[in-house]
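Work through the exercises below with the sequence and the model at hand. Each task is followed by a solution in steps.

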Amino acid sequence: MFIEPSLGKFHSKERKGQLEVICGSMFSGKTEELIRRLNRALIAKQKVEIFKPSIDKRYHEEDVVSHNETAIRSTPVNFAEDILLLAGDCDVVGIDEVQFFDNRIVHVATVLANSGKRVIMAGLDMDFEGKPFEPMPHLMAIAEYVTKVHAICMKCGELAAYSFRLIEQKDKVVLGEKESYEARCRKCFNEGNS
Ligand SMILES: [Zn+2]
């Protein structure tokens, strides 16, 4: 369980910003963990803004919705730089599905943190081939805190870190997860469809 280092310091005028990354496979609860942290910041009466790439239109246009339907209103943006324009004077910036942004999100997150904001980003750390999903590796390297959450392997019940694609399609991004993907452990991921 992630414990915030100190929520109180974000009330102070001389607050230091920080970067947090929540990573893992599909069905690992990344968005739930993001929402949990944002809700705690709201309880602490901090100003929270949430963004997600507009590519992700699987659910409601303006909500960060996790699969268990907890929702927080969010703003879809086309480009990473839009977040700089829209973040305003908020204390905490949440960014969901951060793997769908290009590498400019690294600069954007750094600028936000350097200006004193707490930036919490959730995203897939590996693609369906088990390869690092840019820009996540970069964000994980520069973040103060990285939390890897795990799914449960849908084949054997072990902890799962991989997103196994059930359909034949080579594009890196295929939305519509329930039908197209399974969370799998290393062994079951390597066994493939056999
Ligand atoms: Zn397994």
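**Exercise 1.** List the contacts of C185, leaving aside its neighbours within four places in sequence.

*Solution.* Step 1: two residues are in contact if their C-beta atoms, placed from the backbone, lie within 7 Å. Step 2: by this rule C185 is in contact with C153, C156, E158, L159 and A160. The model is predicted: local features need pLDDT of at least 70, side-chain atom pairs count only at pLDDT 80 or more, and totals for chains, interfaces and linings use all residues. Residues are numbered from 1 along each chain as its sequence is written.

**Exercise 2.** Decide whether C185 and C188 are buried, partly exposed or exposed.

*Solution.* Step 1: a residue is buried if 20 or more other C-beta atoms, placed from the backbone, lie within 10 Å of its own, exposed if 12 or fewer, and partly exposed in between. Step 2: C185 is buried, because 23 other C-beta atoms lie within 10 Å. Step 3: C188 is partly exposed, because it has 19 C-beta neighbours inside 10 Å.

**Exercise 3.** Which residues does the UniProt annotation "binding site" cover, and what is their largest C-alpha distance?

*Solution.* Step 1: the unreviewed UniProt entry annotates C153, C156, C185 and C188. Step 2: they are spread over 36 residues of sequence but cluster in space, with a largest C-alpha distance of 8.0 Å. Step 3: UniProt positions are given in the numbering used here, feature names are shortened, and annotations may be inferred rather than shown by experiment. Step 4: C188, not counting residues up to four places away in sequence, touches C153, K155 and C156.
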